[in-house]
Amino acid sequence: MPLVLLLLMLFGALCSPGQAMSREEKQRLKNQVVEMFDHAYQNYMDHAYPADELMPLTCRGRVRGLEPSRGDIDDALVKVNKYKPVHCPTFKMIGLRCTKFAVCGCCVCVRLIRGLLGGHSMAVMLKEGGQHMQWYQDELLHMAKDLGLRLLPAFNTSSGLPYPRVNLKHGVRGPETRTGTETDTCTACAGTIILEFAALSRFTGDPVFEAHARRALDFLWEKRQRNSNLVGTTINIHSGEWVRRDSGVGAGIDSYYEYLLKAYVLLGDDLFLERFNIHYASIMKYISQPPLLLDVHIHKPLLPARTWMDSLLAFFPGLQVLKGDIRPAIETHEMLYQVTKKHNFLPEAFTTDFRVHWAQHPLRPEFAESTYFLYKATGDPYYLEAGRTIMDNLNRFARVPCGFAAMKDVRTGSHEDRMDSFFLAEMFKYLFLLFAELDDIPFDVEDYVFTTEAHLLPLSLSMAPHSSPAPSNRTELDDSNFDWTCPNTHLLFPDPAFPRILREPIRSAVDKSCPRPAPYREPGMGRPPLRAQDFMANNPEHLELLRRMGVSLIHLKDGRVQLVQHATQAVSAVAAEDGVRFMQEMMELSSQQQKEQLPPRAIQIVSHPFFGRVVLTAGPAQFGTDLSKSSTGVSGLAKLRAEPYSGCSEIVNAEYIQGHIALLQRGQCMFAEKARHIQKAGAIGGIVVDDNEGSSSDTAPLFQMAGDGRSTDDITLPLLFLFHKEGNILLEALKEYREVEVLLSDKARDRGDCLTEATTPTSHEPIGQSQMSTVELDESAPEEVSPVDEDTSPAEEVSAPKEEVKPAEAEPAVAQPQEDRDSEKEEKPEEDTDSSSQSVDELLADWREDLEAFKQMEKDEL
């Protein structure tokens with residue numbers, strides 16, 4: 001967007017108040033918010049409870065172990081019933097799901113404490129009002145304290161920063177904990193605890209919680225870069241060294257700043273305000289480039305760290321309102337509003353010229369949050385219209401029969417089978433408050449502060465007695481509720497004043513039971529014994545070298561080979577370092593083999609009762625109709641599977657396929673051969689469903705269906721690919737309704753449009769041989785090498801070549817060596833930019849940075 005146009009747009013937002021909205025219209029919108037919440041919440045209760053999340057496309061709960069793993073994100077899935085709902089109406093009102101955890105992230109547990117304490121605050125308010133909750137006897141507070149005590153071992157570090165993961169049954173260390181090996185945490189993870197722990201201390205009278213939270217904040221403050229007064233994104237919890245030195249107000253840092261200011265508001269401690277003001281001045285000096293907020297390096301704050309922004313920074317205008325800095329809040333909010341108007345939702349990341357960088361949108365509420373606070377501060381009805389836009393887009397593009405589905409790709413409108421708990425906790429609360437009148441709310445919101453997930457804590461806590469003694473880690477270590485095996489001895493004695501006469505016998509006993517690791521070797525002191533470019537998966541010597549480095553080899557169901565490193569399984573610390581370097585080399589090698597690919601396509605179910613609400617992410621083909629050049633897409637009935645289902649020979653039920661969209665199963669022949677057979681049978685399009693059970697676009701990279709090594713100009717119909725999970729959604733709909741109408745397109749259409757479009761496009765524009773190269777199926781071809789697509793810390797994963805064939809050096813054709821398997825190409829990470837002019841080194845650097853940042857966003861959301 002030209003700078004002059006953007007400035008004019010912002011000037012209009014600053015100087016032109018919106019048209020007044022009638023009380024009746026606000027009431028209608030408020031009631032619509034309530035209906036939307038009921039739709040989401042009731043579907044969760046009907047289909048998912050007691051699971052932590054609803055999967056709105058398949059209408060069931062997400063349970064760890066039953067769905068394809070998403071890595072560390074799934075540590076938030078706990079589903080072990082200990083805490084039952086206290087009372088059904090109350091349960092719905094406060095939106096709690098209270099369970100006993102086996103293993104989960106520290107920040108996830110703090111999220112649950114927020115819900116428990118917020119529910120306790122509301123219950124006390126209603127009880128003191130004398131009309132409701134007279135039976136309440138602090139049950140939610142007791143649950144919160146029990147959970148808080150189980151979290152305390154996470155703070156047993158020399159720095160006071162908590163481990164990112166804690167086992168609530170066994171503590172942090174030991175064979176059953178699966179935790180304690182982590183070294184890094186995000187700044188927001190360590191710095192977004194003070195409100196909950198201070199509230200827990202003041203509600204219960206036990207100062208230990210607040211003391212630990214203050215100690216963590218003190219440590220982060222001391223580790224700020226003293227010249228820029230900025231903090232990095234990721235920090236080592238033991239040494240305090242910054243692991244990632246980029247700094248912004250989005251993912252990885254966001255709520256650290258939020259909680260500094262809100263800790264002052266809630267607790268009345270001027271120290272928090274002083275620190276926030278120092279940070280804020282630096283943010284406005286270095287990061288704020290109105291209306292943009294761009295990350296910088298903490299040691300070189302005048303040097304930008306990236307050219308794109310992530311969606312989590314959308315909370316910042318609301319924080320600026322709380323600070324009292326209204327004008328920059330208006331400017332940044334307006335920029336975010338324009339991005340929303342362009343893409344219907346805020347993409348997970350977007351460039352400075354409003355193009356998509358990461359196309360996902362997991363129904364984040366931060367933009368709605370800032371919209372509410374700006375309306376509250378200005379009274380400008382312009383923000384009511386912004387709220388209406390948010391609601392309309394949710395109903396038009398994200399609403400599905402079983403709830404609201406996250407957007408897999410805002411460009412295509414495809415869905416992800418995901419509805420996070422923060423969507424229920426925050427989105428509808430802020431929208432309700434935006435449209436509600438004062439008499440619609442049974443209490444004064446001004447008497448409370450919002451936590452980072454919109455739970456309410458009373459400002460009266462500032463008057464509660466509190467004490468902040470230096471926290472002692474010995475209490476948790478001696479707690480008989482936790483099992484401790486082989487702790488690091490330096491963590492046992494964070495206090496140097498601990499009596500030496502007692503310290504040495506304990507350390508000696510620990511040393512005898514826990515053998516010391518081999519001497520540490522600095523990274524870079526020599527190459528690993530096995531180089532990535534020399535690795536062959538069927539070489540016994542190579543496999544033995546991998547084992548010594550703590551790297552294991554896993555054969556995946558889809559034919560790929562995956563390498564997983566567990567540093568703790570290496571024969572020595574030196575071997576573990578070699579393993580790290582080997583994995584880094586393998587990731588570099590795999591990233592060099594990525595190629596430019598077509599963007600994903602969309603399959604939209606448009607018939608009753610879906611009416612365009614369900615959109616499935618589909619892989620494109622390198623041949624057939626180019627859907628990106630079709631203004632209408634191709635719509636038609638999907639009625640029956642082709643016979644044979646593989647589509648590898650002449651179709652015998654052609655009379656049922658003619659004029660319709662044929663369903664095919666992956667396997668046994670080339671994709672182009674399937675397309676030719678259904679085209680000969682008279683089909684107007686085809687959908688190939690993966691036969692690899694459990695595959696999903698949530699966990700596997702999309703790919704293009706390749707041709708068969710010869711001209712594919714004769715193929716004129718569109719062919720799209722669905723992984724097994726998305727394909728089952730379509731097959732289940734077909735089973736229930738016998739036939740469904742689907743729209744094959746480059747992106748989802750508005751419901752009104754997709755119901756009136758023509759059955760077939762006016763012209764077919766095939767992707768000919770001259771436009772896209774093909775890949776032949778060859779059982780001796782090298783296995784595809786794919787980069788890490790999810791964070792599996794503490795292990796690292798990367799797919800590797802399976803056969804005894806070295807990777808090609810320059811743009812190799814990559815195919816799977818699986819017998820009777822279609823050839824395919826892997827999609828590159830989503831990016832709406834032209835990278836053809838970039839060097840390989842630049843592309844590799846960008847890929848690494850983007851992958852690391854996206855992992856951090858996922859962790860921060862926990």
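Helices here are DSSP runs of H or I with at least four residues, strands are E runs of at least two, and both are numbered from the N terminus. By that count the protein has 25 helices and 32 strands. Before you click around: this is a predicted model, where local features need pLDDT of at least 70 and side-chain atom pairs count only at pLDDT 80 or more, while totals for chains, interfaces and linings use all residues. Residues are numbered from 1 along each chain as its sequence is written, and side-chain values use heavy atoms, with hydrogens and water left out.

Start with the whole chain. Of its 862 residues, 60% are buried, meaning under 20% relative accessible area, with exposed over 50% and partly exposed in between (1.4 Å probe, protein chains only).

Next, select residues 382-398, which form helix 14. Its 17 residues should span 24 Å at 1.5 Å a residue, taking the expected span as 1.5 Å times one less than the number of residues. The end C-alpha atoms are 24 Å apart, which agrees. Because 14 of the 17 residues are buried, helix 14 is largely enclosed by the rest of the structure.

Now pick Leu-394 and Phe-404. In the largest nonpolar core, 136 residues in all, these two touch the most other members. Such a core is a set of buried Ala, Val, Leu, Ile, Met, Phe, Trp, Tyr and Cys residues joined through side-chain atoms within 4.5 Å. Apart from it there is another core of 28 residues, including Ala-638, Val-689, Ile-729 and Val-742.

Jump to helix 8 (208-222) and helix 10 (residues 270-287). Their axes (lines fitted to C-alpha atoms over the stretch in contact, with angles from 0 to 180 degrees between N-to-C directions) come within 12 Å and cross at roughly 35 degrees. Show Arg-214, Leu-217, Asp-218 and Trp-221 on helix 8 with Phe-272, Arg-275, Ile-278 and His-279 on helix 10: these residues make the contact, that is, heavy atoms within 4.5 Å.

Step along to Thr-233, in the loop between helix 8 and strand 6 (234-236). Buried or exposed, at 1% relative accessibility? Thr-233 counts as buried. Its side chain reaches the backbone oxygen of Asp-246 at 2.7 Å.

Last stop: Arg-547, in helix 19 (residues 540-548). With 45% relative accessibility, Arg-547 counts as partly exposed. Leaving aside neighbours within four places in sequence, Arg-547 is in contact with Gln-569 and Val-571.

Technical notes
A polar contact is a pair of N or O atoms within 3.5 Å; within protein, one must be able to donate a hydrogen and the other to accept it, and residues adjacent in sequence count only if both atoms are side-chain atoms.
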